[in-house]
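The following report describes a single protein chain from its fold elements to its side-chain packing. Please examine the sequence and the model shown here before reading on.

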Amino acid sequence: MMLSMHPRCLTSLMGHRLTQTGWWLMGKKVPMRTCTRKLEFDAAHRVRLHESKCRNLHGHRYVAEVTAAARTLDDLGRVIDFSVLKGIVGEWIDAHWDHGVILNIEDEALIDFVEVSDWQHYVMEGNPTAEHMAEYLFNKANSLLSEAGTKVVVTHIRLYETPNCWADYGGVK
């Protein structure tokens, strides 16, 4: 199943279209089912060129809420087994972000330092802000779930950087 990753309209080659108001098939609205899995991880980052303390390397206890949608429930009455979301998306987070340093590709001196120090790190385009990370995780999760052959799409990511600060990405929650 190929997906367009625009958050306002996720489409598949099977003729289904997911918008902010639900699934549409052949011009008729079809009820949408969603479920959300919470995934927690610890990581360090810094916001390059930040005007305050966040320009320094520091860490957070991140919480990602991954919302998946399906047009129909499976034979057991689920959108997707929560453990499948954890196994696919959570394992990617554990392997790439958890207990590592998430860095801006332009932060060359810090990248050199963490590589020489043999620290786990992940390099991304742009600053690793909650907003960028939520968008990145949205696209990565959809790609991973599609490759795994699931019949769900991720419609929303909420990424908490702290209990009081989060970013949302996606069109439907």
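Phe113 counts as partly exposed because its relative accessibility is 42%, a class that lies between buried (under 20% relative accessible area) and exposed (over 50%), with a 1.4 Å probe and protein chains only. Trp119 is likewise partly exposed, with a relative accessible area of 37%. The model is predicted: local features need pLDDT of at least 70 and side-chain atom pairs count only at pLDDT 80 or more, while totals for chains, interfaces and linings use all residues. Residues are numbered from 1 along each chain as its sequence is written, and side-chain values use heavy atoms, with hydrogens and water left out.

**Aromatic pairs**

A search of the whole structure finds 11 aromatic pairs. Rings of Phe, Tyr and Trp (its six-membered ring) pair if their centres lie within 6.5 Å; planes under 30 degrees apart count as stacked, over 60 as edge-to-face and the rest as tilted. Two of these pairs are listed below.

| Pair | Centre to centre | Angle between planes | Class |
|---|---|---|---|
| Phe113 and Trp119 | 5.2 Å | 85° | edge-to-face |
| Tyr122 and Tyr136 | 5.8 Å | 70° | edge-to-face |

Tyr122 belongs to strand β8 and Tyr136 to helix α3, so their pair ties together parts 14 residues apart in sequence. Tyr122 is buried, with a relative accessible area of 14%, whereas Tyr136 is partly exposed at 28%. Both tyrosines are members of one aromatic cluster, together with Phe41, Tyr62, Trp92 and Trp97.

**Fold and sheet**

The protein chain contains three helices and 10 strands; helices (H or I, at least four residues) and strands (E, at least two) are DSSP runs, numbered from the N terminus. Along the sequence these elements follow the pattern β-β-β-β-β-β-α-β-α-β-α-β-β. Of the 173 residues, 43% count as buried. The accessible surface comes to about 9,500 Å², of which 52% belongs to carbon and sulfur atoms; such areas come from the Shrake-Rupley method with a 1.4 Å probe, and for residues only the protein chains shown count as cover.

Six strands form an open sheet with mixed pairing, in the order β8-β7-β5-β6-β9-β10. Its edge strands, β8 (121–124) and β10 (165–170), each pair on one side only; two strands pair if DSSP finds at least two bridges between them. From one strand to the next, the twist averages 30°. Strand β7 (residues 100–104) pairs with β8 in the parallel sense over four bridges, and Leu103 stands opposite Val123 in β8.

Helix α2 (residues 108–116) packs on the sheet and touches β7 and β8, its direction making about 155° with that of β7. Axes here are lines fitted to C-alpha atoms, for helices over the stretch in contact, and angles run from 0 to 180 degrees between N-to-C directions. Helix α1 (residues 82–96) lies across β5 (33–45), β6 (58–70) and β8, running at about 20° to β5.

**Nonpolar cores**

A nonpolar core is a set of buried Ala, Val, Leu, Ile, Met, Phe, Trp, Tyr and Cys residues joined through side-chain atoms within 4.5 Å. In the largest one, of 31 residues, the members that touch the most others are Phe41, Ile80, Val89, Ile93, Trp97, Met133 and Leu137. At least two residues of this core come from each of β5, β6, α1, β8, α3 and β9 (153–162). The largest share, seven residues, is supplied by α3.

Leaving aside neighbours within four places in sequence, Met133 is in contact (heavy atoms within 4.5 Å) with residues that include Phe41, Tyr62, Trp97, Ile102 and Leu159. A second, separate core of six residues includes Leu103, Leu110, Ile111 and Val114.

Leu144 lies in helix α3 (residues 130–147) and counts as buried because its relative accessibility is 17%. Not counting residues up to four places away in sequence, Leu144 touches Ile88 and Trp92. The C-alpha atoms of Leu144 and Trp92 are separated by 8.7 Å, although the two residues are 52 apart along the chain.

**Backbone in two loops**

Most residues other than glycine have a negative phi. Leu49, in the loop between β5 and β6, has a positive phi near 70° and is exposed at 72% relative accessibility. Asp118, in the loop between α2 and β8, has a positive phi of about 60° and is exposed, with a relative accessible area of 70%.
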